[in-house]
Amino acid sequence: MDVTREKIVEALGRIALPDGKDLVSADLVRALSVTDGAVRFVIEVPDPAVARQMEPVLKAAEAAAQAVPGVTSVSAVLTAHGPAPKPAEPPSLKIGGHPTPQTGPQQISGIDRIVAIASGKGGVGKSTLSSNLAVALARQGRRVGLLDADIYGPSQPRMMGVNKRPGSPDGKRILPLEAHGVVMMSIGLMLKEGEAVVWRGPMLMGALQQLLEQVFWGELDVLIVDLPPGTGDVQLTLCQRTHMTGAIVVSTPQDVALIDARRAIDMFGKLKTPILGLVENMSTYVCPNCGHEAHLFGHGGVAAEAEALGVPFLGEVPLSLEIRQAGDTGVPVAAGEGPMAEAYARLAARLIAGGMA
Ligand SMILES: Nc1ncnc2c1ncn2[C@@H]1O[C@H](COP(=O)(O)OP(=O)(O)OP(=O)(O)O)[C@@H](O)[C@H]1O
């Protein structure tokens, strides 16, 4: 029997609290996800003292969720936010520490595939593709995580409409946030607004390692990693320390973008990270008023490049005002309906069919 979110909410709504309210009416349930019978949620209370009294409630909530027919597993965590008597951030959660030594690329437990979205050049739409692809994959039933590793210009909090600081129940694990069916984490959520990041080398590797290993990702079919543009430390660290399924390189059809894309592909080749394929972004522009099609940055250049390099061409995404506006408002276009959502759905279907997601 299919378990729905509503059934779990209904079950949690029967868990009474000492003040007479219940878990749901008191708005304490966060990040509830239900995937193929696996239920995950967080109970968030205002402060650590309340959290201690809530242990029995957590147990009751787990039992209630487990008792819903069709539920195969329940993973629940109790977390406190708000004023704590001690400093709010335990030391081990300080982002940007030195990395711990490790031999060779590691598999991350619970995550089946890690797919990086890369570009040679900035501003070609890598973050837009990452968020929309993540949402489109989730809509097709995949368990998807999105890691914004663009340490210098994190944009996923804005694109996914998330701006809460992630909590940590035990000072070690970081709880990811959830938006549009995707669990997500961004370095941007751990920094104060407007705070500049000036890390290089080891600090940066430490931050990335924390994001990959300390975040409570749960069971994922695929983790999409939104990389910074270019061929720098983050790309190197990720490919050398993590067992990657591969990279998708996004480019506009312009020659200048393609030259940089080639450089990125060359770097992944040297790092022995497979190229899963190329995507042409900002391909055709269809005028919303008259329907006229124009190719502002050219058209077909990425498909031709893919053929020349012998890598798959995964598809194209039009240049569309709707895509830009959706990204700015925090609801990726792939979460809705229409031709743009369908363009991302086609890409997602292609990845699933190819065993890449
Ligand atoms: N297909 C598209 N149609 C219209 N606008 C788009 C499209 N793809 C991306 N954009 C817009 O272009 C701008 C740059 O996109 P985005 O931030 O995704 O690029 P990026 O390659 O991740 O950039 P950065 O190098 O800064 O990380 C954003 O304003 C975004 O909304």
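Trainee: What percentage of the residues in the protein chain is buried?

Mentor: Buried residues make up 45% of the 357 in the protein chain. Buried here means that 20 or more other C-beta atoms, placed from the backbone, lie within 10 Å of a residue's own; 12 or fewer is exposed, and in between is partly exposed. Keep in mind that this is a predicted model: local features need pLDDT of at least 70, side-chain atom pairs count only at pLDDT 80 or more, and totals for chains, interfaces and linings use all residues. Residues are numbered from 1 along each chain as its sequence is written.

Trainee: Got it. How many helices and strands does the protein chain have?

Mentor: There are 11 helices and 12 strands. Both are DSSP runs numbered from the N terminus, with helices being H or I of at least four residues and strands E of at least two.

Trainee: And which domains is the chain divided into?

Mentor: Domain 1 covers 5-80 and domain 2 covers 114-353, with bounds from an automatic or database domain assignment. Their C-alpha centres lie 32 Å apart. The contact between them takes 11 residues from domain 1 and eight residues from domain 2, where contact means C-beta atoms, placed from the backbone, within 7 Å.

Trainee: Which elements give two or more residues to the domain 1 side?

Mentor: Those are strand 1 (29-35), strand 2 and strand 3 (73-80).

Trainee: Switching topic, how do helix 4 and helix 11 pack?

Mentor: Helix 4 (residues 126-139) and helix 11 (residues 339-353) pack at an angle of about 70°, with axes 8 Å apart. The axes are lines fitted to C-alpha atoms over the stretch in contact, and angles run from 0 to 180 degrees between N-to-C directions. The two helices are therefore roughly perpendicular to each other, a label for 65 to 115 degrees; under 35 is roughly parallel, over 145 roughly antiparallel, and the rest oblique.

Trainee: Which residues meet there?

Mentor: Asn-132, Leu-133, Ala-136 and Leu-137 in helix 4 meet Tyr-344, Ala-345, Leu-347, Ala-348 and Leu-351 in helix 11.

Trainee: One last thing: where is Asp-47 found?

Mentor: Asp-47 is in the loop between strand 2 (38-45) and helix 2 (48-53). Asp-47 is partly exposed, as 13 other C-beta atoms lie within 10 Å. The C-alpha atoms of Asp-47 and Val-34 are separated by 27 Å, and these two are 13 residues apart along the chain.

Methods. Contact = placed C-beta atoms within 7 Å.
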